[in-house]
Amino acid sequence: LAQAFCPFRLNVPRWSSTVVPFGLSNFQSATMVSGEPAAKKQRTDEGSPRSFPKSKIKVLLLEGVSQKGIQMLRDDGFQVEALKTALTEAELIEKVKDLHILGIRSKTQVTRKVLEASNRLLAISCFCIGTDQVDLNYAQELGIPVFNAPFANTRSVAELIIGNIVGLSRRIGECTMQMHRGAWFKQAVGCYEIRGKTLGVVGYGHIGAQVSVLAESMGMHVIYYDTIPKLPMGNASQVATLDDLLAQSDFVSLHVPKLASTKNMIGKEQFAKMKKGAFFLNASRGNVVVIPDLAAALKSGHIRGAYVDVFPVEPGKNGENLFESELRGCENVLMTPHVGGSTEEAQAKIGEEVAAALLKCVNEGSTHGAVNFPEVDMKMDSNIETHRVLITHYNKPGVMSAINSCFYEVKANVCQQFLSTKGSIGYVVVDTDVRTSTSVKEKLEKFENVVKVRVLY
């Protein structure tokens, strides 16, 4: 497939307008046509013009993205640079210049400054569940869709929670540390089966529901709290308030997103409402728990043990002597370095899903699965030769009428059209006849309410 990669953003002089082809299987691969003299346009052996070569589409993948995702992008011809580590804001500002696709995981922060430094960015891919590390609103303003893989690591996180429920109830962490010191203390005091115990799940989304199913299979009774009514899996039951859940649960496990409403949602007051001797687990977001308050509840003996995978402040790289927390040294506390979704299976699936979304975005203009952008996924008709016009515009009354008038004025034959809006932005994909696409693009570029125009063939 031929590609589109150098978008035109109105009112930003440093960007050039572009007609960039996408192709069907019987089309020639493409090279960019961007205002250059005709003599300079690359041509195929048959003499037909080509758009930008895929080998010049620059992709930067950070934080050890799965090899499967890397290979999918390379197999499609993209120029892929893959790094094992995250980058600082200053480093990313330098790297993002002239970049077409940026891929990250959870550590890299894509701030407004980073986005402002980009001049050709087509899409951002988060090879993880969360997208709060990206300035989603500003990316939307610039017409840059952001993709993620919200379900691929569900099983991995759920299994980790179940494993640590067992580990906490049997004091596995303490036993392991003692034996590494050469000690031998065999005892049953303070160790329990999880069968018959009550698990309280806070946030009954995909991961929370999966934890619920696995816990029931091990004989636990499951209750859950969510801000909206949710259909229970198995025999789980929803409770009316968070306080109800805290008061009834032997184990409390958090599975909530990072929102203003979830920041510090569990602190001194909430720990006091939990059963004495209950266990606490968090593998959701680091800022939803007040860590000093958890440490105090553990040291007082009110909370018997805890498992924590995410923290308010996390090191940006691997290494010794980097991690600081009030939980260090607390008894019966299991901690892992944000590895909830870090399994070979999950990372391979994430790599596959996100890479596939990126390929459809670049090759076809599809934004299906984008978290900050109108979702459009219009099937290409291989029976007719058309050009595809991708238009990002402000979502205001009368804008679509003005856009459609451009096609009417040049007597374009519109074969199919798909419009969707999200917030302040609209995105419309139009397949039109070959002879009119350039004229349409030129007219659309003059509209102040059009953010970006790309033409693919």
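Select helices α5 and α7 to start: their crossing is right-handed (the near helix is turned clockwise from the far one by less than a right angle). You'll find α5 at residues 154–169 and α7 at residues 206–217, packed at about 50° with axes 9 Å apart. Axes here are lines fitted to C-alpha atoms over the stretch in contact, with angles running from 0 to 180 degrees between N-to-C directions. Helices are DSSP runs of H or I, at least four residues, and strands are E runs of at least two, numbered from the N terminus.

Now show side chains. On α5 the contact (heavy atoms within 4.5 Å) uses Thr154, Arg155, Val157, Ala158, Glu159, Ile161 and Ile162, and on α7 His206, Ile207, Gln210, Val211, Leu214 and Ala215.

A note on ground rules: this is a predicted model, where local features need pLDDT of at least 70, side-chain atom pairs count only at pLDDT 80 or more, and totals for chains, interfaces and linings use all residues. Residues are numbered from 1 along each chain as its sequence is written, and side-chain values use heavy atoms, leaving out hydrogens and water.

Next, jump to Asn372, in the loop between α11 (344–364) and β14 (386–394). Buried or exposed? Asn372 is buried, at 4% relative accessible area (buried means under 20%, with a 1.4 Å probe and protein chains only). Its side chain reaches the backbone oxygen of Leu136 at 3.4 Å and the backbone oxygen of Ile144 at 3.1 Å.

Terms used. Buried means under 20% relative accessible area, exposed over 50%, partly exposed in between (1.4 Å probe, protein chains only). A polar contact is a pair of N or O atoms within 3.5 Å; within protein, one must be able to donate a hydrogen and the other to accept it, and residues adjacent in sequence count only if both atoms are side-chain atoms.
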